[in-house]
Amino acid sequence: MDYFLTEEQLEIKEIARKVAEEKIKPVRAKYDEENEFPWEIVEVFRQTDLFAVLIPEEYDGISGKVTDVAIVTEELSRVCGGIGLALGGTGLGIYPIMISGNEEQKQKYLPQIANGEKLAAFALTEANAGSDAGGLETTAVKDGDFYVLNGTKQWITNGGEADIYTVFALTDKSKGARGASCFILEKGTEGFSFGKKENKMGIRGSATRELIFDNCRIPKENLVGREGNGFMIAMKTLDKSRPMVASQAVGIAQGAYEEAVKYSKERHQFGKPISSFQAVQFMLADMATQIEAARALIRATARMMDAGAKRFVKESAMCKVFASDMAMKVTTDAVQILGGYGYMKEYPVEKMMRDAKITQIYEGTNQIQRSVIASNLLKEF
Ligand code: COS
């Protein structure tokens, strides 16, 4: 489908595709196998200015537009759902600063992201605060010119590798979620350390770690927004980033679909390519239709966000739930079309199926997305 992308968008898309095909494809199986962080590819993202796509021009970036980030995310994820997260997780990590940071914080941190000098990470989830994001236990107690942070964050994308962390903690325990605040924490700060690196089912080219705060002192100027605004900042960040998870899902599905089409034309059974059988054709037709529907939903939502819409909570959740459920179905069907070969690691579709699963879980499970959609649509009538 033609989305009438601008010259600049077509250029960004082409660069991301070239990076994915030429640099990521040859190493994706290695990173998946070794569960290592892809620093060599981060260097390529730097050189090709892909980090700059995350950031508006006034902070040394080249875009900051949701549509452009969605295009890049889809292209990278088409080849590998994990490696592109060095960039995607960085976007999520700096959105709180872009949304609610003051000018000084934006001037200090955003250019370092734009030029790829530093990666970022978003730290909300805890062992007992997953879907119930308001159930945080990490505390930040004011002490003169500092806040003293204590607690542990879990499953943080880019954890350990990133230099800049946006961390959510309670400044007023008595108020629960309404007592949460957001802070910028730099790697190397005393009292800030990392726990074990997780051994995951998919997106294994991405680092996921625990963050540990033990009397960690954060300068008070690193508070983002006001005390007590943290939950709202976290929710607005997720509203902005869920279409990116959806784009990741569309990319993974697109990659799996292309593998399935190619294989179905090459594989002969009963004396014919399996693509000549209606059973396979109908699967391919459904895959293509569902992918395009998800992409169209994301493009429409991104256009709305880039045009300055104030509220897109429902649309953003719709993108994530539709695209991630679609990606799970499409990647599973791709494995089915490749049959026994699809189940083997020689072909990339089993990895794509593993990578797709996380998109139904992180940045809010699809059950939470459905709750968000329902509670917002019920308010409309
Ligand atoms: N934008 C702005 N404000 C929002 C908001 C949004 N999208 N969603 C909620 N809020 C505000 C509400 O308006 C409410 O404000 P008041 O205190 O002024 O009334 C406050 O935040 C609390 O909202 P609510 O009562 O809806 O919160 P709940 O605790 O019921 O939970 C859900 C809300 C479940 C939607 C939230 O916890 C959530 O998104 N959970 C999933 C978290 C997640 O994605 N985790 C993954 C982490 S990153 S990998």
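Domain bounds here come from an automatic or database domain assignment. With those bounds, the lining of the second largest pocket draws at least three residues from each of domain 1 (7-114) and domain 3 (231-379). This is a predicted model, so local features need pLDDT of at least 70 and side-chain atom pairs count only at pLDDT 80 or more, while totals for chains, interfaces and linings use all residues. Residues are numbered from 1 along each chain as its sequence is written, and side-chain values use heavy atoms, with hydrogens and water left out.

**The second largest pocket**

- A pocket is an open set of points on a 1 Å grid over the protein atoms alone, with protein on both sides within 12 Å along at least five of seven lines, and lining residues have an atom within 4 Å of a point.
- This one holds about 250 Å³ of space, a volume being the space filled by probe spheres set on the points.
- Its lining includes Tyr3, Phe4, Lys65, Asp68, Arg299 and Asp306.
- Helix H1 (7-24), helix H4 (66-79) and helix H8 (278-306) each give two or more residues to that lining.
- H8 supplies the largest share, 3 residues.

**Ser324**

- You'll find Ser324 in helix H9 (residues 313-343); helices are DSSP runs (H or I, at least four residues), numbered from the N terminus.
- Ser324 is buried, with a relative accessible area of 1% (buried means under 20%, with a 1.4 Å probe and protein chains only).
- A polar atom of the Ser324 side chain lies 2.6 Å from the backbone oxygen of Lys320.

How values were computed
Buried means under 20% relative accessible area, exposed over 50%, partly exposed in between (1.4 Å probe, protein chains only). A polar contact is a pair of N or O atoms within 3.5 Å; within protein, one must be able to donate a hydrogen and the other to accept it, and residues adjacent in sequence count only if both atoms are side-chain atoms. On a 1 Å grid over the protein atoms alone, a cavity is a set of points where a 1.4 Å probe fits but cannot get out, and a pocket is an open set with protein on both sides within 12 Å along at least five of seven lines; lining residues have an atom within 4 Å of a point.
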